[in-house]
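Q: Can you walk me through this one? I have not looked at it before.

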Amino acid sequence: RLDAEEAERNKELEVRIEALATVALRTTQKADENGRLYGSVNAGAIVDLLRIAGFEFEESDVRLEAPIKEVGTHT
């Protein structure tokens with residue numbers, strides 16, 4: 001039974017991963033002339049952007065090494 005539940009959970013995760021593979025999120029934040037953000041983009045902000053894009057995630061689903069604090073493209 002546990003193996004079947006884990007297999008089902010893994011299947012659901014794979015579907016979510018595939019759906020996000022082509023998603024690009026964009027936000028506008030204030031930054032200084034060196035490209036450092038006055039604030040930061042954290043997991044909560046990413047969850048909000050994902051909701052706008054039509055995806056439902058919890059903040060605990062988003063893992064960042066550190067909040068984004070510089071202008072640019074981040075993976």
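The chat below goes from the overall chain to single residues.

Q: What should I know before reading the numbers?
A: This is a predicted model, where local features need pLDDT of at least 70 and side-chain atom pairs count only at pLDDT 80 or more, while totals for chains, interfaces and linings use all residues. Residues are numbered from 1 along each chain as its sequence is written, and side-chain values use heavy atoms, with hydrogens and water left out.

Q: OK. How many helices and strands does the protein chain have?
A: The protein chain has two helices and two strands. Those are DSSP runs numbered from the N terminus: H or I over at least four residues for helices, E over at least two for strands.

Q: Which pattern do they follow along the sequence?
A: The protein chain reads α-β-α-β.

Q: What is the radius of gyration of the protein chain?
A: The protein chain has 16 Å, whereas a compact globule of 75 residues would have a value near 11 Å. The radius is taken over C-alpha atoms, and the globule rule is 2.2 Å times the number of residues to the power 0.38.

Q: And what does the C-alpha trace span?
A: About 55 × 20 × 15 Å along the principal axes of the protein chain.

Q: How much of the protein chain is buried?
A: Of its 75 residues, 17% count as buried. Buried means under 20% relative accessible area, exposed means over 50%, and partly exposed lies in between, with a 1.4 Å probe and protein chains only.

Q: Switching to rings. How many aromatic pairs are there in the whole structure?
A: A search finds one aromatic pair. Phe55 and Phe57 have ring centres 6.5 Å apart and planes at 40°, so the pair is tilted. The rule takes rings of Phe, Tyr and Trp (its six-membered ring) with centres within 6.5 Å; planes under 30 degrees apart are stacked, over 60 edge-to-face, and the rest tilted.

Q: Are Phe55 and Phe57 buried or exposed?
A: Both Phe55 and Phe57 are buried.

Q: Where does Phe55 lie, and what is it in contact with?
A: Phe55 sits in the loop between H2 and strand S2 (68–70). Leaving aside neighbours within four places in sequence, Phe55 is in contact with Ala19, Leu20, Val23 and Leu50. Contact means heavy atoms within 4.5 Å. Phe55 and Ala19 are 36 residues apart in sequence, with 9.1 Å between their C-alpha atoms.

Q: Leu50 came up there. Where does Leu50 lie?
A: In helix H2, which covers residues 43–52. Leu50 is buried, with a relative accessible area of 7%.

Q: Which residues does Leu50 touch?
A: Not counting residues up to four places away in sequence, Leu50 touches Leu20, Leu25, Phe55 and Phe57. As for Val23, it is 27 residues from Leu50 along the chain, and their C-alpha atoms are separated by 8.9 Å.

Q: Now Glu33. Is Glu33 buried or exposed?
A: Glu33 is exposed, at 73% relative accessible area. Glu33 lies in the loop between helix H1 (2–20) and strand S1 (36–41). Between the C-alpha atoms of Glu33 and Val15 there are 40 Å, although the two are 18 residues apart along the chain.

Q: Last one: where does His74 lie?
A: His74 is in the segment after S2. His74 is partly exposed, with a relative accessible area of 42%. Its C-alpha atom is separated by 16 Å from that of Gly39, 35 residues away along the chain.
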